[in-house]
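Hi,

Here is the structure I said I would pass on.

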Amino acid sequence: MALKLYQVDAFTDRVFGGNPAAVCILTEPRQDTWMQSLAQEMNLSETAFLLKEQDDYGLRWFTPAVEVDLCGHATLASAHVLWETGMLAPDELARFHTRSGLLTAGRRGDWIEMDFPEEPPEAADAPLELVKALELPPRWIGRNRRDYFVEVDSEEVVRKMRPDFALLATIPVLGTIVTSRSESREYDFVSRFFAPRAGINEDPVTGSAHCALSPYWSRRLDRTELVGYQASARGGVVRVSHRSPRVILGGQAITVLTGELAA
């Protein structure tokens, strides 16, 4: 039986914006090597695999290089597909069993809100390779269990930086978050996310990074409800609500293509 395959642009309300994710609806478990091969074939920052488990869904995420423990935009894309195809009723909560525990998503008008674990960064001494790879003076450096976290002086610095990806790939973390306060009234903070070690030089919009950005900027700005803009070439908007020890991530999504997988 051919498997249903979708490509969804997440954290955007327009096609060719935000972060594209592939969503594969499985009818039975598949081997890890097969899923990794499909992720390589799709060549997107993440491919999500959904498998029905009674009233819930098992959900796994693969970059072209590795399986990851947490992914926001491919979870958003998965929930969007379930509602759009009628696999879930419009008012039904999407429940996903993942390597990061139970994640849920619900519809709020045109937006989807996901309940994720917070990943606050703690102050850390950065390796010299990190500062050299970013080629900028950090204002603050921290780390959580997944990523390095770097605040810089301005949005201009965030937007103009050109990291050394080869050097970043030698640092033993999943990725690096670079952020600053926004200079626009439309957003509270801006960010970019680099993960060459996981096969993604720059991720267009990274939901999981906002599990760190939300508690950090909530503390800095003394507000729990914030709006972030990820300033990649495609760009995307993430609403965040910090409810320690959880973070509510809000975004929009749009399907770009649908098809059937013959393999």
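In helix 1 (residues 32–42), the buried residues are Trp34, Met35, Gln36, Leu38 and Ala39. Before going on, some housekeeping: this is a predicted model, where local features need pLDDT of at least 70 and side-chain atom pairs count only at pLDDT 80 or more, while totals for chains, interfaces and linings use all residues. Residues are numbered from 1 along each chain as its sequence is written, and side-chain values use heavy atoms, with hydrogens and water left out. Buried means under 20% relative accessible area, exposed over 50% and partly exposed in between (1.4 Å probe, protein chains only). Helices (H or I, at least four residues) and strands (E, at least two) are DSSP runs, numbered from the N terminus.

Back to helix 1. Its buried residues pack against strand 1 (3–10), strand 2 (19–26), strand 3 (46–53), strand 4 (56–62), strand 5 (67–68) and strand 18 (253–261); contact here means heavy atoms within 4.5 Å. Just past the helix, asparagine 43 has a positive phi of about 55 degrees.

**Helix 6**

Helix 6 (residues 210–221) has 10 of its 12 residues buried, so it is largely enclosed by the rest of the structure. Those buried residues are His210, Cys211, Ala212, Leu213, Ser214, Pro215, Tyr216, Trp217, Ser218 and Leu221. Aspartate 222 follows helix 6, and its phi is positive too, near 55 degrees.

**Cysteines**

**Aromatics**

There are nine aromatic pairs. Rings of Phe, Tyr and Trp (its six-membered ring) pair if their centres lie within 6.5 Å, with planes under 30 degrees apart counting as stacked, over 60 as edge-to-face and the rest as tilted. Phenylalanine 49 and phenylalanine 62 have ring centres 5.7 Å apart and planes at 90 degrees, so they are edge-to-face. That pair joins strand 3 to strand 4, its two members being 13 residues apart, and both phenylalanine 49 and phenylalanine 62 are buried.

Phenylalanine 189 and tryptophan 217 make a stacked pair, because their centres are 6.1 Å apart and their planes are at 5 degrees. Here the link runs from strand 13 to helix 6, across 28 residues. Phenylalanine 189 is buried at 0% relative accessible area, and tryptophan 217 is likewise buried at 0%.

**Arginines**

Arginine 239 has its charged end 3.6 Å from the ring centre of tryptophan 111, and arginine 143 lies over the face of tyrosine 148 at 5.1 Å.

Arginine 192, in strand 13 (residues 189–195), is buried at 6% relative accessible area. Its side chain reaches the backbone oxygen of valine 158 at 2.8 Å. Not counting residues up to four places away in sequence, arginine 192 touches a list of residues including Arg159, Lys160, Arg162, Glu202 and Gln230.

Cheers

How values were computed:
A polar contact is a pair of N or O atoms within 3.5 Å; within protein, one must be able to donate a hydrogen and the other to accept it, and residues adjacent in sequence count only if both atoms are side-chain atoms. A charge sits over a ring if NZ of Lys or CZ of Arg is within 6 Å of the ring centre and within 35 degrees of the ring normal.
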